[in-house]
Amino acid sequence: MVILMVSPHYNQDYTWEEISAILKAIKDCVERDRFSISKNENRQENLDFIRDFNLTNKRIKEILMEIKPEDFCHSLQNKKPGFEHEILYVFCTVKRLADIHGVENDVSIYIKFNLIEYSDGKNVVVISFHKLNRPIGYLFK
């Protein structure tokens with residue numbers, strides 16, 4: 001476990017129950033295939049990670065469904081113009097993954113979710129889905 005000072009624009013003011021409820025909403029979307037992984041030109045790290053570990057949609061879905069409340073790190077406000085009202089939720093989980101050479105290692109995966117409410121229900125956008133590239137703090141660890 002890494003302990004860090006959390007930036008003032010990060011929010012860790014949540015109870016276990018609140019994070020459990022947020023995670024349940026996220027998993028409900030994932031289970032119903034109402035989620036997407038950002039794979040645009042600004043998200044090359046996501047594309048590289050998925051390719052480097054040969055992650056299928058099925059395996060990605062399994063990883064997302066296995067996230068636990070203790071994997072929660074913090075939330076933050078979306079800074080993208082026009083989307084400042086959105087809250088992004090950051091989790092980090094460790095999974096055993098094989099790289100493209102078949103070598104297995106425990107990999108810390110940084111996952112940032114945007115849970116969006118539409119008129120026909122909720123959807124999840126997985127903004128970040130890649131290897132953890134800097135130390136991070138956890139709320140419940």
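# Helices, cover and loops in a predicted model

Among contacts between residues at least 6 apart in sequence, 60% join residues at least 24 apart in this protein, which is given here as a predicted model.

Visitor: What does the secondary structure come to, and in which order do the elements run?

Guide: The secondary structure of the protein comes to three helices and six strands, and from the N terminus on the elements run β-α-β-α-α-β-β-β-β. The radius of gyration is 15 Å, close to the 14 Å that the globule rule gives for 141 residues, so the protein is as compact as a globular protein of that length.

Visitor: What does the C-alpha trace span, and how much of the protein is buried?

Guide: Along its principal axes the C-alpha trace spans about 40 × 40 × 30 Å, and buried residues make up 40% of the 141 residues.

Visitor: Let's go to H3. Which of its residues are buried?

Guide: In helix H3, which covers residues 57–65, the buried residues are Ile 60, Ile 63 and Leu 64. They cover an arc of only 95 degrees around the axis, which puts them on the same side of H3.

Visitor: Take Leu 64 then: what is its relative accessible area, and what is it in contact with?

Guide: Leu 64, which lies in helix H3, has a relative accessible area of 1% and is therefore buried, the cut-off being under 20%. Leaving aside neighbours within four places in sequence, Leu 64 is in contact with Lys 27, Val 30, Phe 35, Ile 111, Phe 113, Val 126 and Phe 129.

Visitor: Which residues are buried in H2?

Guide: In H2 the buried residues are Asn 46, Phe 49 and Ile 50. They cover an arc of only 95 degrees around the axis, which puts them on the same side of H2. What covers these buried residues of H2 includes helix H3 along with the strands E2, E4, E5 and E6.

Visitor: What about the backbone just after H2?

Guide: Just after H2, Asn 54 takes a positive phi of about 45 degrees, and this is a positive value in a residue other than glycine. Asn 54 lies in the loop between H2 and H3, and at 62% relative accessibility Asn 54 counts as exposed, because the cut-off for that is over 50%.

Visitor: And Asp 33, where is that found, and what is its phi?

Guide: Asp 33 is found in the loop between H1 and E2, and its phi is near 60 degrees, again a positive value in a residue other than glycine.

Note on methods:
Residues are numbered from 1 along each chain as its sequence is written. This is a predicted model: local features need pLDDT of at least 70, side-chain atom pairs count only at pLDDT 80 or more; totals for chains, interfaces and linings use all residues. Side-chain values use heavy atoms; hydrogens and water are left out. Buried means under 20% relative accessible area, exposed over 50%, partly exposed in between (1.4 Å probe, protein chains only). Helices (H or I, at least four residues) and strands (E, at least two) are DSSP runs, numbered from the N terminus. The arc is that of the directions from the helix axis to the C-beta atoms. The radius of gyration is taken over C-alpha atoms; the globule rule is 2.2 Å times the number of residues to the power 0.38. Contact means heavy atoms within 4.5 Å.
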